[in-house]
Amino acid sequence: AIRGVSWPAEFLRFPAGVPVFRGFDPTSAVAAFVLAALLPWWLEPAARRLDLMDYPKGRKDHERPTPVTGGLAMAIASVLAYWAAPNLTPSIQAFCIAAVLLVAVGLWDDKHDLRWYWRILAQVLAALVVIFWGGVRVEQLGPLFGLGQTSLGFLSVPFTVFATVGIINAMNMIDGADGLAGMLGLAALAMLCAASVYAGNQVLAERVAVLCGALAGFLVWNLRFPWRPRARVFMGNAGSGFLGLVIAWVAFRLTQNDGHPVNPVLALWLLPIPVMDTLVLIVRRLQEGRSPFAAGRDHIHHMMQDAGFGPTRAAFWLTVFSLACGLVVGQAMRLDVPNPLLLAAYIALCVGWYLLTRDRARAVAFFRRLRRP
């Protein structure tokens with residue numbers, strides 16, 4: 001279901017052999033950006049009429065009711081850009097159907113606060129659509145343990161479902177500050193786009209660029225600026241579900257393509273903060289006898305805010321860290337650093353974060369020291 005493509009001789013190449021193609025068409029990406037930037041404004045009256053609003057209460061620190069239609073705007077912009085383009089492959093069709101499912105359930109959840117198991121069921125169904133309709137699944141993990149290709153065999157489908165659901169919930173759990181999930185998602189997609197370029201997969205690079213454009217259009221409304229001290233639109237559960245699906249779908253397409261191989265270990269390092277934060281939170285909450293899906297102010301951005309970081313500053317530095325991780329690990333792979341070492345480094349990062357945050361006051365003090373000039 002995922003085919004390689006051939007490249008004409010007119011393509012330029014860097015000395016290292018990285019293809020740089022002249023035929024890259026940014027039209028769909030620009031259209032997705034413009035549409036995603038306009039839709040929140042168009043959707044605001046409907047959001048207020050249908051009560052698709054996030055109200056200030058409990059641990060939420062925004063000052064006024066805010067529309068949660070950002071995810072709907074991103075999804076509409078992306079799906080329209082894909083359906084308007086030629087060569088609508090089964091993979092794209094399946095992605096669009098899965099996206100519509102997650103956004104619909106997410107909007108219902110934003111309005112009625114669904115129980116967690118209904119959200120998980122919708123995420124599993126979306127993953128199965130991508131797998132069986134679109135033919136996109138994780139079939140190998142590369143030389144993960146240094147013993148050649150690690151094939152999943154009959155575990156391919158359950159592993160793909162588990163990974164998809166995990167990434168979706170990681171993006172949902174990190175979505176707790178203005179601009180944070182959007183910036184981390186945009187950083188991951190930008191690096192996936194760059195990896196597609198490096199692998200010579202122009203088709204996938206153009207499709208990822210569409211998603212980058214839609215996400216950037218949403219961030220126009222979700223980021224704080226000097227002339228706008230609060231986000232005007234949130235992505236909501238519909239948006240975090242859509243964004244998680246996007247990242248999983250692109251990562252699977254890129255790392256499972258024999259024609260343009262990228263090692264699956266790289267995917268972990270392109271989204272280090274949400275995955276690390278979610279894994280550590282799940283372990284800690286289970287140890288405390290709490291549900292992993294319980295609300296709380298124990299995320300990395302909450303600790304940074306308690307240390308004096310504003311939401312925008314926290315989002316900026318976490319995004320810089322993510323980009324640095326992706327760049328360093330990408331270069332390490334070019335230098336043939338063994339994959340088991342890169343996996344061990346990520347595990348060490350998670351263990352280090354767990355040990356640091358066992359004492360919240362110590363974690364806050366750590367970030368307070370980083371904040372000092």
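## A pair of rings to start with

Together, tryptophan 116 and tyrosine 117 form an edge-to-face aromatic pair, with 5.8 Å from centre to centre and 75 degrees between the planes. Rings of Phe, Tyr and Trp (its six-membered ring) pair if their centres lie within 6.5 Å; planes under 30 degrees apart are stacked, over 60 edge-to-face, and the rest tilted. By this rule, the count comes to 11 aromatic pairs. Ring pairs also link Tyr82, Phe95, Phe242 and Trp249 into a cluster.

## What you are looking at

This is a predicted model, in which local features need pLDDT of at least 70 and side-chain atom pairs count only at pLDDT 80 or more, while totals for chains, interfaces and linings use all residues. Residues are numbered from 1 along each chain as its sequence is written, and side-chain values use heavy atoms, with hydrogens and water left out.

The protein has 14 helices and four strands. These are DSSP runs numbered from the N terminus: helices are H or I with at least four residues, and strands are E with at least two. Of the 373 residues, 53% count as buried. Among contacts (heavy atoms within 4.5 Å) between residues at least 6 apart in sequence, 73% join residues at least 24 apart.

## The nonpolar cores

Which residues touch the most other members of the largest nonpolar core? They are Phe95, Leu189, Leu211, Phe242, Trp249 and Ile300, in a core of 109 residues. A nonpolar core is a set of buried Ala, Val, Leu, Ile, Met, Phe, Trp, Tyr and Cys residues joined through side-chain atoms within 4.5 Å. Helix 8 (residues 236-255) gives this core its largest share, 12 residues. Apart from this core lies another one of five residues, among them Ile120, Ile131, Val161 and Val165.

Now find phenylalanine 95. Leaving out residues up to four places away in sequence, phenylalanine 95 touches Tyr82, Leu211, Phe242, Leu245, Val246 and Trp249.

## Helices that cross

Helix 4 (residues 116-132) and helix 5 (residues 156-174) pack at an angle of about 130 degrees, with their axes 9 Å apart. Axes are lines fitted to C-alpha atoms, for helices over the stretch in contact, and angles run from 0 to 180 degrees between N-to-C directions. The two helices, helix 4 and helix 5, are therefore oblique to each other. Angles under 35 degrees count as roughly parallel, over 145 as roughly antiparallel, 65 to 115 as roughly perpendicular, and the rest as oblique. Residues making the contact include Ile120, Val124 and Ile131 of helix 4 and Val161, Val165 and Ile168 of helix 5.

Another pair to look for is helix 10 (residues 272-287) and helix 13 (residues 339-357), which pack at an angle of about 50 degrees with their axes 10 Å apart. That makes helix 10 oblique to helix 13. Among the residues in this contact are Val275, Leu279 and Val283 of helix 10 and Tyr346, Leu349 and Trp353 of helix 13.

Is aspartate 109 buried or exposed? Aspartate 109, in helix 3 (residues 90-112), is buried, with a relative accessible area of 4%. Apart from neighbours within four places in sequence, aspartate 109 is in contact with Leu114, Arg119 and Asn237. Glutamate 44 sits in helix 1 (residues 27-49) and is buried, at 17%.

Aspartate 113 lies in the loop between helix 3 and helix 4 and is exposed, with a relative accessible area of 62%. Aspartate 113 has a positive phi of about 60 degrees although it is not a glycine. Finally, visit phenylalanine 234, in the loop between helix 7 (202-222) and helix 8. Phenylalanine 234 counts as buried at 12% relative accessibility. The C-alpha atoms of phenylalanine 234 and valine 68 are separated by 4.6 Å, although these residues are 166 residues apart along the chain.

Note on methods
Buried < 20%, exposed > 50% of the residue type's maximum accessible area, 1.4 Å probe, protein only.
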